[in-house]
Amino acid sequence: RVPWFRLSRVVFHPSIFKLKGADMSMVRIIVGGVDTHADEHVVAAIDANGGVLGTESFPADEAGYEALLAWLVSHGEVKRVGVEGTGSWGVGLARFLRSHDVMVVEVDRPNRQHRRRVGKSDATDAVSAARAALSGSAAVVPKTRDGAVEEIRILLVARRSAREQRIQTLNQLRHLVFTAPEPIRCRFKDRPKTGLISEVAKLRPRAGSDPISYTTLLTMRGLGKRIKHIDTEMKTIDSRLKQLIGQTAPSLLELHGVGLDTAASLLVTAGDNPDRLRSEAPWAHLCGVTPIPASSGKTTRHRLNRGGDRHANAALYRIVLTRMSSDPRTRAYVTRRRAEGRSNREIVRCLKRYVARETFKHLT
């Protein structure tokens with residue numbers, strides 16, 4: 001049997017890293033932790049007892065990922081790697097590790113009390129990430145971000161910004177109408193939103209005796225054309241979203257109160273690998289609709305869960321509002337709960353929990 005410190009060279013294989021020329025029963029089991037940044041990642045390796053074997057930094061690129069994994073394997077057999085920021089700076093590293101059959105767990109930022117005791121550095125954060133992965137306190141499987149749901153997430157980013165820009169531009173247009181010279185104000189002040197946008201986009205102002213009126217009409221036409229361009233962009237995005245949602249979870253759109261934006265938000269929260277959610281209870285917790293125990297001594301109570309994905313929570317809230325106004329079953333439930341003395345807020349919280357249970361069945 002060859003001691004671990006006399007192992008032969010590390011050999012890279014496209015599918016997995018292995019140690020050549022060593023008895024695997026004698027190979028040291030290690031756990032890695034990575035503190036991710038924009039330009040470089042700091043990695044730490046610890047043994048099965050939590051002892052630090054070393055820390056090192058590597059560039060945040062493909063070559064750096066290979067060197068990072070080779071460095072980890074040089075210390076022993078990699079059991080798992082805890083990575084901070086698997087949805088931001090660490091997304092590329094997480095994809096690389098998964099492609100080489102390395103188990104990746106998502107690690108939150110270090111505990112503040114621990115950080116206050118030991119200080120703050122990239123190396124200590126990497127060690128904390130490794131120990132969190134070793135102890136099991138960090139056991140969340142991150143999203144793979146490699147399928148149709150990742151496409152939906154990218155489209156949602158553009159759609160939300162376009163919607164916000166449309167609202168802002170429309171408000172600017174209406175404000176210009178309110179403060180325009182009297183002939184322009186009287187002409188456009190009572191126009192509905194759709195008619196106002198179409199009419200101002202067709203304006204053909206000409207320079208005349210009143211430069212204020214000319215500049216106002218010219219600016220209004222530009223704002224109207226901008227809104228119409230945004231509308232065209234959003235229609236293109238919605239068409240692609242409908243196609244992707246139909247491929248991923250077609251039955252989700254058939255639920256009462258679920259539209260494109262709502263379905264897309266729920267799918268993005270679940271990710272491309274919703275099988276990481278073992279039941280509807282973790283899904284409800286991820287959406288922030290499960291009450292949190294807050295008991296102490298003789299007092300037994302629960303408090304509102306203000307965590308979870310807020311976009312998914314807002315999507316469930318929109319579904320509940322729609323059903324409270326148009327779904328007979330939901331209206332009957334609301335009437336019964338009000339007769340029991342429940343407030344509207346309590347009823348909405350209960351309904352969001354029920355809707356989370358229903359939507360979980362349609363995520364795959």
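Mentor: Let's start with the lining of the largest pocket: α4 gives four residues to it, the largest share. Bear in mind that this is a predicted model, where local features need pLDDT of at least 70 and side-chain atom pairs count only at pLDDT 80 or more, while totals for chains, interfaces and linings use all residues. Residues are numbered from 1 along each chain as its sequence is written, and side-chain values use heavy atoms, with hydrogens and water left out.

Trainee: What makes something a pocket, and not a cavity?

Mentor: On a 1 Å grid over the protein atoms alone, a 1.4 Å probe fits but cannot get out of a cavity, while a pocket is open, with protein on both sides within 12 Å along at least five of seven lines. The largest pocket holds about 900 Å³ of space. Its lining has 33 residues, and E106, D108, V140, R276 and L286 are the closest to its centre. Two or more residues each come from β7 (104-107), α4 (122-135) and α10 (280-286).

Trainee: What puts a residue in the lining?

Mentor: An atom within 4 Å of a grid point. In the largest pocket, the lining splits into twelve nonpolar, eleven polar and ten charged residues. (Asp, Glu, Lys and Arg are charged; Ala, Val, Leu, Ile, Met, Phe, Trp, Tyr, Cys and Pro are nonpolar; the others, Gly among them, are polar.)

Trainee: And what volume does the second largest pocket have?

Mentor: About 500 Å³. It's lined by 19 residues, with L304, N305, R345, R349 and K352 nearest its centre. The elements giving two or more residues are β9 (302-303), α11 (310-326) and α13 (344-360). Of these, α13 gives the most, seven residues. Six nonpolar, six polar and seven charged residues make up this lining.

Trainee: What makes α11 and α13 roughly perpendicular?

Mentor: Their axes come within 9 Å and cross at roughly 105°. Roughly perpendicular covers 65 to 115 degrees, with under 35 roughly parallel, over 145 roughly antiparallel and the rest oblique. So α11 counts as roughly perpendicular to α13.

Trainee: Which residues of α11 meet which in α13?

Mentor: N313, L316, Y317, I319, V320, R323 and M324 in α11 meet V348, L351, K352, V355, A356, E358 and T359 in α13 (contact means heavy atoms within 4.5 Å). By class, that's nine nonpolar, two polar and three charged residues.

Trainee: Why are α8 and α9 called oblique?

Mentor: The axes of helix α8 (residues 211-248) and helix α9 (residues 260-270) come within 10 Å and cross at roughly 55°. That angle falls among the rest, so α8 and α9 are oblique to each other. D238, L241, K242, I245 and T248 of α8 touch L260, A263, A264 and L267 of α9. Six of the residues in this contact are nonpolar, one is polar and two are charged.

Trainee: How do you know that α5 is roughly antiparallel to α8?

Mentor: Helix α5 (residues 148-179) and α8 have axes that come within 9 Å and cross at roughly 155°. This is past the antiparallel cut-off, so α5 is roughly antiparallel to α8. Their contact has 20 nonpolar, five polar and nine charged residues.

Key: Axes fitted to C-alpha atoms, helices over the stretch in contact; angles between N-to-C directions. Points joined across faces, edges and corners; volume = space filled by probe spheres on them.
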